[in-house]
Amino acid sequence: MDQAGARPAEAAWNNSRATFLSQVVGPHFEALCREWAMFAEEEVFGELPGRVAAGVVADPHHRTQIQVDVAVLAQEEPGRPQRILSLGEAKWDKVMTAGHVDRLRRARDLLSVKGYDTRDTVLACYGGAGFRDDIPEGVRRVGLKELYA
């Protein structure tokens, strides 16, 4: 195929790439991260997960919502607040930064106010494109190497 024949296909891909990444690849990567978390060893989150899901935390002060891509919950214990083992954000095509961690901290604080036990919650960044050096110590970084090990 000549150069002219390739250009319309290239232009079509360039026009649809962002949509494909956000609506297909991104959600698939998030699901992969949740699956990894569900089968993580006990030392990853302090104990074996009871349930892993995605969710949204309302932030009434800022009138926004915080999306949590990977929420790892402990086994439920009757009469005790639900313990959150980990809150994570997953990005396939963006480098993870301290800003992502700040949103997770805010979500953790809001969930604590709502009665969840977040004392030992591990904050986690799941990154397909890597991590900036500004992510604080103690935040779990899960990259492609860990996901595919």
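1. A disulfide here is a pair of cysteine sulfur atoms within 2.5 Å. By this rule the count comes to 0 disulfides. The sulfur of Cys 33 has its closest cysteine sulfur in Cys 125, 11 Å away, which is too far for a bond. Cys 33 is buried, at 0% relative accessibility, and Cys 125 is buried as well, with a relative accessible area of 0%. Buried means under 20% relative accessible area, exposed over 50%, and partly exposed in between, with a 1.4 Å probe and protein chains only.

2. On the basis of the note: this is a predicted model, in which local features need pLDDT of at least 70 and side-chain atom pairs count only at pLDDT 80 or more, while totals for chains, interfaces and linings use all residues. Residues are numbered from 1 along each chain as its sequence is written, and side-chain values use heavy atoms, with hydrogens and water left out.

3. The protein has 4 helices and 5 strands. From the N terminus the order of elements is α-α-β-β-β-α-β-β-α. Helices (H or I, at least four residues) and strands (E, at least two) are DSSP runs, numbered from the N terminus. The C-alpha trace spans about 70 × 40 × 30 Å along its principal axes.

4. Of the 149 residues in the protein, 37% are buried. Among contacts with a separation of 6 or more, 53% come from residues 24 or more positions apart; contact means heavy atoms within 4.5 Å. The accessible surface comes to about 9300 Å², and carbon and sulfur atoms hold 51% of that. These areas come from the Shrake-Rupley method with a 1.4 Å probe; for residues, only the protein chains shown count as cover.

5. The protein has 19 positive and 22 negative charges, and their mean positions are 5 Å apart. Lys and Arg count as positive and Asp and Glu as negative, with His and the chain ends not counted. Each charge is placed at NZ of Lys, CZ of Arg, CG of Asp or CD of Glu.

6. The largest nonpolar core has 18 residues, and those with the most contacts inside it are Cys 33, Trp 36, Ala 37, Phe 45, Val 70, Val 72 and Tyr 126. At least two residues of this core come from each of helix 1 (3-38), helix 2 (42-45), strand 2 (64-73), strand 3 (84-91) and strand 4 (122-127). Helix 1 gives the most, with 4 residues. Apart from this core lies another, of 17 residues, among them Val 57, Ile 66, Leu 111 and Ile 135. A nonpolar core is a set of buried Ala, Val, Leu, Ile, Met, Phe, Trp, Tyr and Cys residues joined through side-chain atoms within 4.5 Å. In soluble globular proteins, nonpolar side chains tend to be buried together.

7. Leaving aside neighbours within four places in sequence, Val 70 is in contact with Cys 33, Arg 34, Ala 37, Val 52, Ala 53, Ser 86, Leu 87, Gly 88 and Tyr 126. Phe 45 is found in helix 2 and is buried, at 3% relative accessibility. Not counting residues up to four places away in sequence, Phe 45 touches Trp 36, Ala 37, Ala 40, Val 72, Leu 85, Ser 86, Val 122 and Tyr 126. Phe 45 and Val 122 are 77 residues apart in sequence, yet 6.5 Å apart in space, C-alpha to C-alpha.

8. Which residue other than glycine has a positive phi, near 55 degrees? It is Arg 63, in the loop between strand 1 (51-59) and strand 2. Arg 63 counts as exposed, at 78% relative accessibility. Most residues other than glycine have a negative phi.

9. The loop between strand 3 and helix 3 holds Thr 97 and Val 95. Thr 97 is buried, at 16% relative accessibility, whereas Val 95 is partly exposed, at 38%. Not counting residues up to four places away in sequence, Thr 97 touches Arg 132, Asp 134 and Ile 135. With the same exclusion, Val 95 touches His 100, Ala 129, Gly 130, Phe 131 and Arg 132.

10. Thr 118 sits in the loop between helix 3 (98-113) and strand 4. Is Thr 118 buried or exposed? Thr 118 is buried, with a relative accessible area of 10%. Leaving aside neighbours within four places in sequence, Thr 118 is in contact with Ile 84, Arg 108, Leu 111 and Ser 112.
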